Amino acid sequence: MNRQQTLARIQVPCPWHQDTMAQLLDQHQQGRLPHALLISGAKGIGKLRLAESLAQTLLCDNPAGGLPCGQCQGCQLSAAGTHPDLHRLSPEDKSRAIKIDQVRKLVGFATRTAQYSGYRVAIVAPAEALNRNAQNALLKTLEEPGGQTLLLLVCDQPTLLLPTIRSRCQQRILPLPPQEQALEWLQGQVGESARSLLDAAQGAPLRALDLEQAEWFADRARLLEVLVSVAEGRQSVAQASPMLSKHDPTEMAGVIYGWLSRCLNQAYSGQQSADASLAPLLTRLSRAVPPARLLRAAQRVLEGRRALMSGANPNKDLLYEQWLLVLVGVDAAAAAH
């Protein structure tokens, strides 16, 4: 791999994480970098990019300006994904879970001596994909990882991790970036569609970048119209749910939750969506559904998303029907209690 190819694969933190990166490197220089760091925050804000950049910097022979040099052997190996002192852990073979056998390999990595006489860094992402057995297997390593070892856990939903995992990590909770900074960065990537994409991604710029290629994004007005038609009584839940079930419920849960949140915000503050194409539909939805019911619907969607993220595999049509029923005042989950 030549220098240009190496530099192209060197990870640079997003602009809104530059200060966080500087703080972490300052901790490192002062010998106060923890052995386990839990980086959490909304999906799509650049958490993994920050973790990768920190790892590559720690493994670089000659970091400059808080970034890897891109020239040394350490940088070349990191960029190629072959550095013996860098271990990445994520779900394998289309699985949603990180399993105990994978953690056992990480434990073995953490107990070995660093081959380049420096740091050993392991990145676990998304950390909430660790199943319960895998989390329990990781506990001892989190307590005693060995010298100059850093475990980086990158997580969208830290509440899905065991309290014993969270308590053994120093936590960095990263907020959404300032809207104008995120918008400026995104405009440089996608141009005029940046504002609509960022609004759909609920302020998460990297998620917005992914949405440009998402099938549902081009169809978002029609999908929102489905919710509005049910809320206004022009379409039944049974008629509407098949139209939604064409899309992945894990992804659509975040989308629908965002729409309901915007309706609540509009109901209480009058603030409309930045996506002009959706603003009229969101106004109709907020008028058709009382705020208390909007809140219950948002809670049910969020509960469904958490279940999906934890590995549940419900019937898609039934799941969408449950969410739509709350909009019309039929809350099956509440009735069950």
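**A loop residue and what lies beyond it**

Mentor: Happy to! Let us begin with Leu130, which counts as buried because its relative accessibility is 3%, and buried means under 20%. Please keep in mind throughout that this is a predicted model.

Where does Leu130 lie? Its place is the loop between strand S3 (120-124) and helix H6 (132-143). Leaving aside residues up to four places away in sequence, Leu130 touches Ile98, Val103, Val124, Gln135 and Leu138. If you want a distance to check on your screen, take the C-alpha atoms of Leu130 and Leu160: 9.1 Å separates them, and the two residues are 30 apart along the chain.

The loop between S3 and H6 also holds Pro126. The peptide bond leading from Ala125 to Pro126 is cis, with omega near -10 degrees.

Moving along to the loop between H6 and strand S4 (149-155), you will find Gln148. Its phi is positive, about 50 degrees, although Gln148 is not a glycine. With a relative accessibility of 46%, Gln148 counts as partly exposed, because that class runs between 20% and 50%. Gln202 is another non-glycine residue with a positive phi, here about 55 degrees. The loop that holds Gln202 runs between helix H9 (194-200) and helix H10 (205-211). A relative accessible area of 27% makes Gln202 partly exposed.

Now for the aromatic rings. How many aromatic pairs does a search of the whole structure find? The search finds three. One of them joins Trp16 and Trp185, with 5.4 Å from centre to centre and 90 degrees between the planes, an edge-to-face arrangement. Trp16 belongs to the loop between helix H1 (3-9) and helix H2 (18-29), while Trp185 belongs to helix H8 (residues 179-190), so this pair ties together parts that are 169 residues apart in sequence. Both partners can be classed by accessibility: Trp16 is buried because its value is 11%, and Trp185 is buried because its value is 15%.

Tyr320 and Trp323 form a pair too: their ring centres are 5.5 Å apart and their planes meet at 90 degrees, so this pair is edge-to-face. Tyr320 and Trp323 are three residues apart in helix H17, which means that about one helical turn separates them. Tyr320 has a relative accessibility of 0% and therefore counts as buried; Trp323, with a relative accessible area of 6%, is buried as well.

That brings us to the packing of H17. Helix H14 (residues 249-269) packs with helix H17 (residues 316-327) at an angle of about 10 degrees, and the two axes are 12 Å apart. Because angles under 35 degrees count as roughly parallel, H14 is roughly parallel to H17. Which residues meet there? From H14 come Pro249, Met252, Ala253, Ile256 and Leu260, and from H17 come Lys316, Leu319, Tyr320, Trp323 and Leu327. So Tyr320 and Trp323, whose rings pair up, are also among the residues that meet H14. Sorted by class, the contact of H14 with H17 has nine nonpolar residues, no polar ones and one charged one.

Leu325 is also in H17. Its relative accessible area is 26%, so Leu325 is partly exposed. Not counting residues up to four places away in sequence, Leu325 touches Val237 and Val330. As for Leu325 and Thr159, which are 166 residues apart along the chain, their C-alpha atoms are separated by 27 Å.

One last stop: Arg220, found in helix H12 (residues 220-231). The charged end of Arg220 sits over the ring of Phe217, 4.0 Å from the ring centre. Is Arg220 buried or exposed? Arg220 counts as buried because its relative accessibility is 14%. Residues up to four places away in sequence aside, Arg220 touches Ser196, Trp259, Asp275, Ser277 and Leu278.

Technical notes:
Residues are numbered from 1 along each chain as its sequence is written. This is a predicted model: local features need pLDDT of at least 70, side-chain atom pairs count only at pLDDT 80 or more; totals for chains, interfaces and linings use all residues. Side-chain values use heavy atoms; hydrogens and water are left out. Axes are lines fitted to C-alpha atoms, for helices over the stretch in contact, and angles run from 0 to 180 degrees between N-to-C directions. Helices (H or I, at least four residues) and strands (E, at least two) are DSSP runs, numbered from the N terminus. Angles under 35 degrees count as roughly parallel, over 145 as roughly antiparallel, 65 to 115 as roughly perpendicular and the rest as oblique. Contact means heavy atoms within 4.5 Å. Ala, Val, Leu, Ile, Met, Phe, Trp, Tyr, Cys and Pro count as nonpolar, Asp, Glu, Lys and Arg as charged, and the others, Gly among them, as polar. Rings of Phe, Tyr and Trp (its six-membered ring) pair if their centres lie within 6.5 Å; planes under 30 degrees apart count as stacked, over 60 as edge-to-face and the rest as tilted. Buried means under 20% relative accessible area, exposed over 50%, partly exposed in between (1.4 Å probe, protein chains only). A charge sits over a ring if NZ of Lys or CZ of Arg is within 6 Å of the ring centre and within 35 degrees of the ring normal.
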